[in-house]
Amino acid sequence: MKIGIEAQRIFRSNKHGMDYVVLKEILHLQKIDTRNEYYIFVKPGPDRCVNDTFNFHVIEVKCPSYPLWEQWALPRAASDLGVDILHCTSNTAPIFTSIPLVLTLHDIIFLEPRDKNNKSVYQNMGWLYRRLVVPRILNKCRRIITVSNYEYENIVTKLNIPRHRMRMIYNGYNEWFQPINDTECAYGKYIRKSGFFFFLGNTDPKKNSERTIQAFAKYLKLSSVKRELLIADLSNDIIDDILKRNNIEYAREYIVPAGYVDNKDLVSIYNAAFAFLYTSLRESFGIPLLEAMACGTPVITSNTSSMPEVAGVDSALIDPTDVNSITDMMLRLENDGEYYSRIREYGLQRVNMFSWNHTAELLLSLYAEVYNEI
């Protein structure tokens, strides 16, 4: 087979969720498949994180914008190379191409009601692009992959996709996320001492940043320990605005904004954290859940969408719409040592269900299935 994989953004420095997913899939396909030919289509960037091998070829495709790159440059390059299958990995794909398509549709959040409080131009443009493109490509895709049973049922029900064209393939987590004796203390670049709460913030309303900060402020009033809160990917201005709007400015001295956290530092941060807050309103999977659990860090996460499926029904689940629910779980982990240990051990066992190697094996099997139908 000659397999094309769209991986437009993996060479950029500041990678995000879908970038890491396709990167790990490619690296593990390289390990297990020496028979088929692969063409990895990327946009040029500073982080060359995939190398050519005898059967894996990195094809740099230049184009000024994401839509033009995907809709014009990508199908042209794939056609010129004669690929048998084109796997588009980030929710969208070329509308006009005769190449058999495999699509990874991580979620269909873009079809759900849009929160009008989201002021991010980048996120709003991405939302609009997906709304325009996805309905036009679904019937052209030989297979549609999604990443959790929750999202699988969501897509089948709302988009009326025949089940024989759907596949659920779980994500994995990187093997270097594990309990460590952190002698280098890389977390010290972001926060002074260990034992903090860690939160991956975001301006997207689904990440629930405002309620999480409110819950932390309430925790400070009730806790005798008063741990700090390390927040990634949320600027000082946004944090200050949330605190002021909710009259909880007293929490500011306990909040440490980390900005963008380099992926290589996350192991140290998870290991140094007392607990990880993953309190989103909605997720299609949630790789950070696995990363934290694999490090032996208890995770406080939501009882909605895919999060109970990934974290497990016996994890530290909360109602993300209820500030008190988040605060109560923070205090329970702090005050109940037996419960804290049980959640820690549960997470360490739970992550054994997920691996990138298994993900790659299922992808390879799916490619062969599609190829045999052509």
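Residues are numbered from 1 along each chain as its sequence is written, and side-chain values use heavy atoms, with hydrogens and water left out. Because the model is predicted, local features need pLDDT of at least 70 and side-chain atom pairs count only at pLDDT 80 or more, whereas totals for chains, interfaces and linings use all residues.

Helices (H or I, at least four residues) and strands (E, at least two) are DSSP runs, numbered from the N terminus. Strand β1 (residues 2-6) is largely enclosed by the rest of the structure, because 4 of its 5 residues are buried, where buried means under 20% relative accessible area, exposed over 50%, and partly exposed in between (1.4 Å probe, protein chains only). Strand β1 pairs in the parallel sense with strand β2 (residues 37-42) over 5 bridges, pairing being assigned if DSSP finds at least two bridges between two strands; within β2, Y38 stands opposite I3. The chain passes from β1 to β2 through helix α1 (residues 17-32) in a right-handed β-α-β crossover, a term that applies if, with the strands pointing away from the viewer, the path from the first strand over the helix to the second runs clockwise. Strand β1 also pairs in the parallel sense with strand β4 (residues 85-88), over 4 bridges, and here I5 stands opposite H87.

Strand β11 (residues 275-278) is covered on both faces, with A275 and L277 buried on one side and F276 and Y278 buried on the other. Strand β8 (residues 197-200) runs parallel to β11 and is joined to it by 3 bridges, F198 standing opposite F276. Strand β12 (residues 299-302) likewise pairs with β11 in the parallel sense over 3 bridges, and V299 is the bridge partner of F276 in β12. Together with helix α8 (residues 287-294), β11 and β12 make a right-handed β-α-β unit.

With a disulfide taken as a pair of cysteine sulfur atoms within 2.5 Å, the count comes to 0. The sulfur of C295, a residue that is buried at 3% relative accessibility, lies 14 Å from the closest cysteine sulfur, that of C185, which is too far for a bond. For C49, the closest cysteine sulfur is in C88, at 18 Å, again too far for a bond.
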